[in-house]
Amino acid sequence: MMNIILMGPPGAGKGTQAEFIKASYPVPHISTGDIFREAVANQTALGVEAKKYMDSGKLVPDDVTIGIVRERLQQADCGQGFLLDGFPRTVVQAEALDEVLVSMNKKIDVALNIDAPIDLLVERMTGRISCKDCKTIYNIKHMPPAVEGICDKCGGELIQRSDDQYDTAKKRIEVYFEQTRPLLDYYSDQSVLINVNGDQGEAVNVFRDVKAVLDNLDRL
């Protein structure tokens, strides 16, 4: 059993580590965005409720969010564990998640926090570009395309998202740390928080440390 929460600020490489974990362990990658879209598409009662807020540009309330997370965690593919990405975001959500897991005879085994210096986070975010068509992500400094402005995979145009521009990126990171610090303390108090250095050059080097943690969960 391997119940994982994956945390980390924008630009820390959390998405890449999620892909590595998915490829190496038999656990589903559960992101709030994906399960919201799935619940809406399946027209579940909670999905219909969530859609009202999403369509009006409002945040989905915690009770609806945790209900959708509960539905997802009850699906058969979570039998060997799960990788939660993007949830919880607050201590209130973390407490609600714990209640759900207790009712299912489960618990969080590890909260993995991919950490990196703020200067590096800003550099990664402001250098990030993505394909308009297939959404593949590049970095103009660390992982550039073969031809400037053109996607290697599909030939689509590469653009920079507005929230990856310098001022916006810096603000996003500041807000993340402000909002997330209590959550890090929450999981630290439960003795399940593990910080992983996200500043190790290649992403595979970071995953080496992630894998060492996951392979030794029963000893933590």
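Ile5 stands opposite Ala111 in strand 4. In this predicted model, strand 1 (residues 2-7) and strand 4 run parallel and are joined by four bridges. On strand 4 there is also a pairing with strand 8 (residues 193-197), again parallel, through five bridges. Within that pairing, Asp115 stands opposite Asn197 in strand 8. Strand 4 (residues 110-115) is largely enclosed by the rest of the structure, because five of its six residues are buried.

Antiparallel pairing occurs in an open sheet of three strands, whose order is 6-5-7. Strand 6 (137-139) and strand 7 (158-159) form the edges, each pairing on one side only. Between strand 5 (residues 128-131) and strand 7 there are two bridges in the antiparallel sense, and Cys131 stands opposite Leu158 in strand 7. Strands of a sheet pair through backbone hydrogen bonds, in either the parallel or the antiparallel sense.

| Strand pair | Sense | Bridges |
|---|---|---|
| Strand 1 and strand 4 | parallel | four bridges |
| Strand 4 and strand 8 | parallel | five bridges |
| Strand 5 and strand 7 | antiparallel | two bridges |

In helix 6 (residues 118-126), the buried residues are Leu120, Leu121, Val122, Arg124 and Met125. Their cover includes strand 5, strand 6 and helix 7.

Helix 7 (residues 166-189) also packs against helix 5 (residues 91-103), at an angle of about 35° and with the axes 9 Å apart. On the helix 5 side, the contact is made by Val91, Ala94, Glu95, Leu97 and Asp98, which meet Pro182, Leu183, Tyr186 and Tyr187 in helix 7. Seven of the residues in this contact are nonpolar, two are charged and none is polar.

The largest nonpolar core has 31 residues, of which Ile5, Met7, Leu73, Phe82, Leu97 and Tyr187 touch the most other members. Two or more residues of this core come from each of strand 1, helix 2 (32-41), helix 4, strand 3 (81-85), helix 5 and helix 7. Apart from this core lies another, of 26 residues, including Leu6, Ile21, Leu120 and Leu121. In soluble globular proteins, nonpolar side chains tend to be buried together.

With its neighbours within four places in sequence left aside, Phe82 is in contact with Met2, Asn3, Ile4, Val27, Pro28, Ile30, Leu73, Leu101 and Ile108.

Pro28 and Ile30 are also among the contacts of Arg72, together with Ile35, Glu38, Asp77 and Cys78, when neighbours within four places in sequence are left aside. Arg72 is located in helix 4 (residues 62-73). Gly47 lies 25 residues from Arg72 along the chain, and the C-alpha atoms of the two are separated by 12 Å.

The confidence of the prediction remains to be described. For the protein chain the mean pLDDT is 90, with 99% of the residues reaching 70 or more. Confidence is highest in strand 8, at a mean of 97, and lowest in helix 2, at 83. Where pLDDT is low, the predicted coordinates should not be read in detail.

How values were computed. Residues are numbered from 1 along each chain as its sequence is written. This is a predicted model: local features need pLDDT of at least 70, side-chain atom pairs count only at pLDDT 80 or more; totals for chains, interfaces and linings use all residues. Side-chain values use heavy atoms; hydrogens and water are left out. Two strands pair if DSSP finds at least two bridges between them. Axes are lines fitted to C-alpha atoms, for helices over the stretch in contact, and angles run from 0 to 180 degrees between N-to-C directions. Contact means heavy atoms within 4.5 Å. Ala, Val, Leu, Ile, Met, Phe, Trp, Tyr, Cys and Pro count as nonpolar, Asp, Glu, Lys and Arg as charged, and the others, Gly among them, as polar. Buried means under 20% relative accessible area, exposed over 50%, partly exposed in between (1.4 Å probe, protein chains only). A nonpolar core is a set of buried Ala, Val, Leu, Ile, Met, Phe, Trp, Tyr and Cys residues joined through side-chain atoms within 4.5 Å. pLDDT is the predictor's confidence in each residue, from 0 to 100.
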